[in-house]
Amino acid sequence: MTYQHRVFGVALRMLGNRAEAEDVAQEAFVRAHRALGEFRGDAKLSTWLYAITSRHGEDALLRLSDMGPRPDAALERRELETALGQAIAELPEDRRIVVVLRDLEGLSYEEIAQVLELTLGTVRSRLHRARADLKEKLERFLP
């Protein structure tokens with residue numbers, strides 16, 4: 001119960017589709033429950049749940065990667081949110097997940113490295129490239 005909203009939030013930001021995110025979040029908790037005996041406590045429980053969610057969401061990401069944003073440009077803020085969501089969705093998968101985990105969920109670089117089983121340098125490099133890609137795609141919104 002403590003992590004349900006955060007796990008769903010990660011899935012939703014990764015996928016951009018509420019129904020798929022609900023399925024991924026539910027499946028992540030089912031998998032976590034089944035594998036609870038394997039949880040060694042080396043990482044925080046939330047980090048372990050994010051790892052399960054991100055791995056399970058990979059297939060869903062591939063299915064949804066061609067979807068565009070939902071049309072709703074009535075307000076400038078909504079337009080920016082839509083553009084940002086689309087820009088994140090268009091990032092290569094390896095860059096997208098680090099942006100979601102760091103900038104949207106607030107995980108540390110070390111936690112991301114642990115969740116994704118990457119070196120710290122790889123996390124930093126992917127995040128730097130992802131942010132540069134996002135800046136380029138969102139230039140029209142920048143002052």
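Helices (H or I, at least four residues) are DSSP runs, numbered from the N terminus. The model is predicted: local features need pLDDT of at least 70, side-chain atom pairs count only at pLDDT 80 or more, and totals for chains, interfaces and linings use all residues. Residues are numbered from 1 along each chain as its sequence is written, and side-chain values use heavy atoms, with hydrogens and water left out.

**View A. Lining of the second largest pocket by helix 3 (45-64) and helix 6 (109-116), each supplying at least two residues.** A pocket is an open set of points on a 1 Å grid over the protein atoms alone where a 1.4 Å probe fits, with protein on both sides within 12 Å along at least five of seven lines; lining residues have an atom within 4 Å of a point. The second largest pocket holds about 280 Å³ of space, a volume being the space filled by probe spheres set on the points. Its lining comprises 14 residues, of which Phe39, Arg40, Ala43, Trp48 and Gln114 are closest to the centre. Helix 3 contributes the largest share, four residues.

**View B. The largest nonpolar core, with 36 residues.** Such a core joins buried Ala, Val, Leu, Ile, Met, Phe, Trp, Tyr and Cys residues through side-chain atoms within 4.5 Å; buried means under 20% relative accessible area (1.4 Å probe, protein chains only). Val99, Leu101, Ile112, Val115 and Leu116 touch the most other members. The largest share of this core, six residues, belongs to helix 1.

**View C. Buried residues of helix 6: Glu111, Ile112, Ala113, Val115 and Leu116.** Beyond four places in sequence, Ile112 touches (heavy atoms within 4.5 Å) Val98, Leu101, Arg102, Leu107, Glu117 and Val123. Glu117, which follows helix 6, has a positive phi near 55°.

How values were computed
Buried means under 20% relative accessible area, exposed over 50%, partly exposed in between (1.4 Å probe, protein chains only).
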